[in-house]
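This report describes one structure in plain terms. Please look at the sequence and the structure before reading on.

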Amino acid sequence: MEYEVLDTEDVPVTDLSEVEGVPPDLDIRPVGRTMGLENMHLTLWYFDPGEEIQYHAHSEQEELYYAIEGEFSLKLGRSGEEEFVEVGPGAFWAAGPETGHGHRYIGDDQGVVLAVGAPPVEDPGLDPHELD
């Protein structure tokens, strides 16, 4: 791909509650897939109050997050060394391979997070408590 310009509204919303076996039940916009990106996953995640991405890790993918709207409570770090941090719009956070991470939306309206993962592999969540 040389370049592409895409408006957020041109990316269809996927309701993950309609995808069997894929937690959590959030709405996403798969921006990277829509643009045909080959070297990273790029997704907008939409959160209602209390919704969360459970604490998990990946075997080879690192993930970068950016809070666009709303306040989030983060759980970050290896099992037994977790830290909890509250962040708002404009905050970045990241986790490397085999490092636990998760976040819960603690705001009152809708929260929006941009998530970037690389390499773009199918790397299902691992339980950080089971990693050495």
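Is Glu82 buried, partly exposed or exposed? Glu82 is partly exposed, with a relative accessible area of 24%. Here buried means under 20% relative accessible area, exposed means over 50%, and partly exposed lies in between, computed with a 1.4 Å probe on protein chains only.

The model is predicted: local features need pLDDT of at least 70, side-chain atom pairs count only at pLDDT 80 or more, and totals for chains, interfaces and linings use all residues. Residues are numbered from 1 along each chain as its sequence is written, and side-chain values use heavy atoms, with hydrogens and water left out.

**Salt bridges**

Side chains of opposite charge can pair when their charged atoms come close. A salt bridge is counted when a side-chain nitrogen of Lys or Arg is within 4 Å of a carboxyl oxygen of Asp or Glu.

| Salt bridge | Closest N and O atoms |
|---|---|
| Glu9 with Arg29 | 3.6 Å |
| Glu82 with Lys75 | 4.0 Å |

Glu9 is exposed at 59% relative accessibility, whereas Arg29 is buried at 10%. Lys75, the partner of Glu82, is partly exposed at 22%.

**Around Arg29**

Strand S2, which holds Arg29, covers residues 27–29. Strands (E, at least two residues) and helices (H or I, at least four) are DSSP runs, numbered from the N terminus. Contact means heavy atoms within 4.5 Å. Leaving aside neighbours within four places in sequence, Arg29 is in contact with several residues, among them Thr8, Glu9, Leu42 and Tyr46.

**The sheet**

Six strands form an open sheet in the order S1-S2-S3-S10-S5-S8, with antiparallel pairing. Strands S1 (14–15) and S8 (92–95) stand at the edges with a single partner strand each, so one side of each has no neighbour in the sheet. Two strands count as paired if DSSP finds at least two bridges between them. Strand S5 (residues 62–69) and strand S10 (residues 111–118) run antiparallel and are joined by seven bridges. Glu62 has Ala118 in S10 as its bridge partner.

Asp108 sits in the loop between strand S9 (101–105) and S10. Asp108 is exposed, at 70% relative accessibility. Asp108 and Gly96 are 12 residues apart in sequence, and their C-alpha atoms are 30 Å apart in space.
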